[in-house]
Amino acid sequence: MSALLEVKHITKVFGGGLFSRNRTVALQDFSLTIASEPPTITAVVGESGSGKTTLARMLLGLETPTEGQVLYQGKDLQGLSTAEWHSFRRDVQVVFQDPFEVYNPFYKIDHVLKTPIAKFGLAKSQQEVRALIEEALQSVGLRPENTLGRRPHQLSGGQRQRIMVARALLMRPRLIVADEPVSMIDASLRATILGNLRQLNEEFGISVIYITHDLTTAYQISENIIVMYSGSVAEAGAIDLVVKQPQHPYTQLLIGSVPQPDPDRRWNTEATAASTAAAGASDGCKFFARCPHAMSKCAESTPPLFQTDPHRLAACYLHEESPSLPAEEMASVFVGRGADASPLA
Amino acid sequence: MTPQPRPNGEAGAPSATLQVRNLRVYFDTPGGVVRAVDDVSFSLEAGERFGLVGESGSGKTTLAMALLRMIKPPGHIESGQIWLDGQDVLALSGEEMRKMRLAGIALVAQGSMNSLNPVTRIRRQLLDGMKDHAAAGSGGADNGANAAKMSRREQDDYVHDLLARVGLEPQVAGMYPHELSGGMKQRVCIAMAISLRPQVIIADEPTSALDVVVQMQVMETLRRVQEEVGAAVILVGHDMGIMAQFVDRVGVMYAGKLVEVSPVREIFSRPLHPYARLLIECLPSLEEKDDLEGIPGLPPSQFERPTGCLFHPRCPHATADCATQEQMLDEVQPDRWVACHRLELIHNLQQETSVQESEAGH
Ligand SMILES: Nc1ncnc2c1ncn2[C@@H]1O[C@H](COP(=O)(O)OP(=O)(O)OP(=O)(O)O)[C@@H](O)[C@H]1O
Ligand SMILES: Nc1ncnc2c1ncn2[C@@H]1O[C@H](COP(=O)(O)OP(=O)(O)OP(=O)(O)O)[C@@H](O)[C@H]1O
Ligand SMILES: [Mg+2]
Ligand SMILES: [Mg+2]
């Protein structure tokens, strides 16, 4: 059986010609397979500017890769027929990072929710339309009577963000690509919405790509995680392993920087001296300049993915005694639902 | 630190840098009046860092916008007072208010990264922010920044310095907003807000689009700049980790009201208002996996607000009194302000848990 969505060696370069100063390699030789079965939740985390949104946009066919392909059920997105495109648009839903950008300010919220219902024939009567919308709104903690009839600017940031989640849920898709879906929401609602997402994942077999900066919620709902740095995968695998025993120095920095909700556990400000350099095509490890363990070798060639555990890969020469795995096989180390990946003490 | 959340109508200018008294902001909508901010009072000392947290839709952004007098119709400031450095903000003329913004009180708006002009390079936008102000005859520009008088070289230095303060490379100056990631844009906005060294910086979710490493850099930058100029900061946000690391005091909002104002340690270790406590209990950890469950129920309908305490329909401790009588924010312990009828019960519950914990420790 072919995968639901398959990303093969995609690279995305923005701006200018080959030697242009403003050339940005947003994503470099990235591969990922999203199987139809079993449904899983995969977190994508990493630096601001590391290419996460670019990846999401390419998964959705909103951006064309400079190199490589995105396949939907074995077919290149570029070559889908109208009917296949229609089914793709239903199967793969998105929650955008930015709830401010996606709304047409002149449409009422009702429009955002009714359009997909009409387009994909999800309801037979006006009552059914209404019922679907109310159910979706309530599942994200919104009161229909305080939400419908309003325009986007009449809602708070978190309320707008929740409309996007409600819209995606309404469609009962097979995959939701959620780019920071709960970043503007309080902890209680975050738990409610992510709990709902988790439940839908189980009940209706919806897979989720959860792009976020919130490592704590990622840890709570995902089976696997991909840590991005400057357009490339730094580390990937079972989330318990990656969070509890990070192997790549960037992941270590990231996990170590999570602010604790405890005023007596101060965050470690020393680790962040270096600022983020823009991604550029260069030889060697992208993290080289900031890495406390950098070796001369790291500047010379790009480290491949080393399989340090059965369920984890790290792109770092500190682990070169481990066997390396071709990039397109990354998802093969991922764990399924409820699996125990931890050879942890 | 004098919180004075309930100054009993005293007249005249207060000594605090910012003092808000009984502020109400309403939106008139076809369905009825939305009381987005409902009788909110608090004050900030110079240099103090104040966190504003609470349910999505509870009025945090509306409160922030009201402090800058940037509420748009059908919204309006219904009543109340705002004093900034001895000046009655609501009495200022339009022109005076324009000067006050940026130099007196500056905002990093929620989602402000999208308010960057898409067809203008970052360099120009940073310089324009300053220039507008020089033209308005800002008195607060003690940093000597005046774009009109600067040479190209000085302008470059100014722009590069601002960018460096928020951890961005100089070449970002030559880029357009669409060429930047969400996080990079957000940092540009922070650079703009700090450019005229205001007395109060309001940052509405300034880091919700950033990775944790950059979050820390940005918050440390904000802390440094803030300490340098002695500005107070109001940090609006949902990231309780950042709140714990950054602010001195926390105000918790629910349905347009402040329900608790306490020092940051107390909010995290011994929250008193039931909503504050439930919110803290929802925080997930990186150590163990829990069930993801929020506080049951929905916030009150905006048009049919419950009587009594607005939280009573969702409160595990509510009694008949809670459903009929409103409890005002009250200083229940030194420096702790809480609006709740059931504090004795909560106090006893906390005593019990701490006894249990110490027994379990043996
Ligand atoms: N349309 C574009 N034109 C030029 N450069 C772009 C464009 N879109 C993105 N980039 C660049 O590509 C890189 C990756 O951006 P992307 O938005 O994918 O990052 P991200 O990981 O989503 O970041 P964040 O966590 O801040 O949202 C950045 O360096 C960005 O500046
Ligand atoms: N123009 C408007 N017309 C009617 N109601 C409005 C308008 N703007 C905001 N509101 C309502 O006022 C309330 C407060 O909104 P506000 O944006 O201040 O919330 P918030 O606490 O900042 O929430 P979030 O954390 O989600 O950003 C919300 O319930 C919102 O729906
Ligand atoms: Mg992004
Ligand atoms: Mg807000």
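## Chain B: fold and confidence

Among contacts in chain B between residues at least 6 apart in sequence, 65% join residues at least 24 apart. The model is a predicted one, and in it the secondary structure of chain B comes to eleven helices and twelve strands, while buried residues account for 50% of the chain's 362 residues.

The mean pLDDT of chain B is 85, with 89% of the residues scoring at least 70. Over residues 1–9 of chain B, however, the pLDDT is below 50, although this stretch has 22 contacts in the model beyond near neighbours in sequence. Residues 135–144 of chain B likewise have a pLDDT under 50, and for them the model has 15 contacts beyond four places in sequence. For the complex, the predictor gives an ipTM of 0.86 and a pTM of 0.88.

## The interface between the chains

Where the two chains meet, 51 residues of chain B are in contact with 57 residues of chain A. On the side of chain B that touches chain A, at least two residues each come from helix H5 (182–194), helix H6 (212–229), helix H7 (240–246), helix H8 (264–269) and helix H9 (274–281) of chain B, and the largest share, six residues, belongs to H6(B). Sorted by class, this side of chain B has 22 nonpolar, 20 polar and nine charged residues.

## The site around ligand 2

Ligand 2 is surrounded by 22 residues, of which the closest are Ser156(A), Gly158(A), Ser56(B), Thr61(B) and Thr62(B). Because the residues around ligand 2 come from chains A and B, the site is shared between chains.

Helix H6 (157–170) of chain A and, from chain B, strand S1 (18–29), strand S2 (32–44) and helix H1 (60–67) each supply at least two residues of the shell around ligand 2. By class, that shell has five nonpolar, 16 polar and one charged residues.

## A nine-stranded sheet in chain A

Chain A has an open sheet of nine strands with mixed pairing, in the order S6-S7-S8-S3-S9-S10-S12-S11-S13. Its edge strands, each pairing on one side only, are strand S6 (92–95) and strand S13 (324–325) of chain A. Within the sheet, strand S10 (residues 232–238) and strand S12 (residues 312–314) of chain A run antiparallel and are joined by three bridges; Ala236(A) has Leu313(A) in S12(A) as its bridge partner.

Helix H1 (residues 52–59) of chain A packs on this sheet, touching strand S3 (41–46), S6, strand S7 (175–179), strand S8 (207–211) and strand S9 (224–229) of chain A, and the direction of the helix makes about 150° with that of S7(A).

Technical notes:
Residues are numbered from 1 along each chain as its sequence is written. Chains are lettered from A and ligands numbered from 1 in the order in which they are written. This is a predicted model: local features need pLDDT of at least 70, side-chain atom pairs count only at pLDDT 80 or more; totals for chains, interfaces and linings use all residues. A residue is near a molecule or strand if its C-beta atom, placed from the backbone, lies within 6 Å of it. Helices (H or I, at least four residues) and strands (E, at least two) are DSSP runs, numbered from the N terminus. Ala, Val, Leu, Ile, Met, Phe, Trp, Tyr, Cys and Pro count as nonpolar, Asp, Glu, Lys and Arg as charged, and the others, Gly among them, as polar. Two residues are in contact if their C-beta atoms, placed from the backbone, lie within 7 Å. A residue is buried if 20 or more other C-beta atoms lie within 10 Å of its own, exposed if 12 or fewer, and partly exposed in between; C-beta atoms are placed from the backbone. pLDDT is the predictor's confidence in each residue, from 0 to 100. Two strands pair if DSSP finds at least two bridges between them. Axes are lines fitted to C-alpha atoms, for helices over the stretch in contact, and angles run from 0 to 180 degrees between N-to-C directions.
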